[in-house]
Amino acid sequence: MEAAGRHIALIGFMGAGKTTVGAEVARLCQRPFVDVDAQLEHHHGLTIPELFAERGEVWFRNAESELTRELLDRREPHVLALGGGAVMRPETRAALLSHAFTVLLEIDPDEAWLRVSRTSHRPLAADEEGFRALYGERLPVYLEAADAVVRDVDGVLLAAGGIVVERGALARLDEHVPGDGAVELVADERVLDLHRPALGARLTATHTVPSGEAAKTLAICERLWVELALDRSGTVVALGGGTTTDVAGFVAATFLRGVAWMSVPSTLVGQVDAAIGGKTGIDLVQGKNLVGAFHPPARIVADPDLLATLPARQRAEGMAEVVKTGLLANRELWRLPDLQLVRGCAAFKTAVCLADPTERGRRAILNLGHTFAHALETAGGYREPSHGDAVALGLRAALSLSVRHLGLDPAVLAEIEVLLPVEPARVDAGRAWEALARDKKARGGRVRLVLLEAPGKPAFPVELPDEEIRAALAALVAA
Ligand SMILES: NC(=O)c1ccc[n+]([C@@H]2O[C@H](COP(=O)([O-])OP(=O)(O)OC[C@H]3O[C@@H](n4cnc5c(N)ncnc54)[C@H](O)[C@@H]3O)[C@@H](O)[C@H]2O)c1
């Protein structure tokens, strides 16, 4: 993740919305937010026009530069909205380069003028001609200072996570591969039959892996470790669903003690969830995902056009995660066309992972419904229910407990039942409870549930009496 451990600094022309976007990005990543202009006003007890009028532009630029650099020097990663002219100072640009992931919030001059002339009394927006000249003068400097150019909150978060969501990206994949070393492709054999990634002259080898969970084995890792001929400057590119990106990411994490990798998820599960957050791994006979590593991909390229060939069953798997994400984010992401849906889900997961890169706190909210889902999957020996059905059922249990204990509006549960229609699981209720109890034992005797007070307001950890949890689980199982 590009911005893990670094400040996210928003730059751009007046009227671009740096303050509004910055505050929302900070809220989602749970970082402090500082608007440099507002801080200067607060500090000196005068508005920006008053500071300009009373002390002059040179004084203002000095004060702005000093404060910006002081903020960038702070250790705790912040989200900062810089003043429109701040990056004109070389020392500020140098500080950005060493301490921040810098994002240009783009706006065209017509729109900027419309917003600024309507709403504010900015000292440098007195007349339209001067305003446009200033825009022309600053734009090249903004572009030079920016690590990414975006237009909205999702854009900032995706850039901060190194994620590109773009229709048709597979045909230009070589443009996105980081570094300049050799590239080896690890692809799901079925996906490679359907889609051909354009990797250009840097591609030196292609390795296929079986489709589905069969890819996540030690035997496949060993074959890939032996076949790979990359040196440490090379990049592994993984093309496929969550199983392919999990195994290829793990191989990249361990080969030569870690080489760079790029994830190209081809399923809805992959694009909205599995490819994001840096968790890689394989299965053991004792259970899924028991061996792995945190090894974030250098880049993630999600091409929603790949989803056109996805079987309906596989799409439904992904929709369960989309609905979960929408509930956590308080956005009806499931109603959006694929491009916006993938952007919104990937941006939200990135924000949660930026807040908690190694899963020590906030990231637990992504498990909404999953405690119950895992118990059902374990009871069914991972043959049935499918993961998507298990999550759909698990969400029902989590939401019905939320209605009863946290005052969640019952209409939310009713809507989820319509959105994710699913039959009760044909598993043994006793076994499912045993699986949940084993999980509980492993966590110090407590089931720590993620519930929902309202859409956008997850509650974690929630502890409830065993009888309540057991009854909610039993309600998911066919009699
Ligand atoms: N690392 C993480 O954070 C994380 C998060 C969630 C899930 N996961 C893992 O992800 C895996 C599930 O991923 P998945 O649901 O993508 O399954 P998958 O990788 O098994 O893919 C499902 C099926 O779809 C096929 N397929 C893939 N892309 C296709 C396309 N574009 N067109 C047609 N067919 C296509 C595959 O060949 C496969 O048969 C699990 O192993 C799970 O543990 C990991």
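A residue is taken as buried when 20 or more other C-beta atoms lie within 10 Å of its own. By this rule leucine 476 is buried, because 25 C-beta neighbours fall inside 10 Å. As the model is a predicted one, this and the other values given here are computed from it. Leucine 476 sits in the segment that follows α18 (466–474). Not counting residues up to four places away in sequence, leucine 476 touches Phe372, Leu376, Leu393, Arg396, Ala397, Pro424 and Ala425. Tryptophan 261, by comparison, is 215 residues from leucine 476 along the chain, and 39 Å lie between the C-alpha atoms of the two.

The domain assignment divides the chain into domain 1 (7–152), domain 2 (163–354) and domain 3 (368–474). Taken over C-alpha atoms, the centres of domain 1 and domain 2 are 35 Å apart. Along the principal axes, the C-alpha atoms occupy a box of roughly 75 × 55 × 40 Å.

Of the 479 residues, 48% count as buried. The largest nonpolar core holds 143 residues, and the members that touch the most others are Ile8, Val103, Val156, Val237, Ala346, Leu376 and Ala398. Helix α13 (residues 338–355) gives the most to this core, contributing 10 residues. Alanine 398 has contacts with Leu368, Gly369, Phe372, Leu449, Val450, Leu451 and Leu452, once its neighbours within four places in sequence are left aside. Across the chain, 73% of the contacts between residues at least 6 apart in sequence join residues at least 24 apart.

Finally, we turn to the ligand. The shell around the ligand has 29 residues, of which Ser211, Gly241, Gly242, Thr267 and Val269 come nearest. Several elements supply at least two shell residues each, namely α8 (189–194), α10 (242–254), α11 (268–274), β12 (287–294) and α12 (312–329). By residue type, the shell comprises six nonpolar, 14 polar and nine charged residues.

Methods. Residues numbered from 1 in each chain as written. Predicted model: local features only at pLDDT ≥ 70, side-chain atom pairs only at ≥ 80, totals over all residues. Near = placed C-beta within 6 Å. Helix = DSSP H or I, 4+ residues; strand = E, 2+ residues; numbered from the N terminus. Nonpolar A, V, L, I, M, F, W, Y, C, P; charged D, E, K, R; others polar. Domains from an automatic or database assignment. Core = buried A, V, L, I, M, F, W, Y, C linked by C-beta atoms within 7 Å. Buried ≥ 20, exposed ≤ 12 C-beta atoms within 10 Å, placed from the backbone. Contact = placed C-beta atoms within 7 Å.
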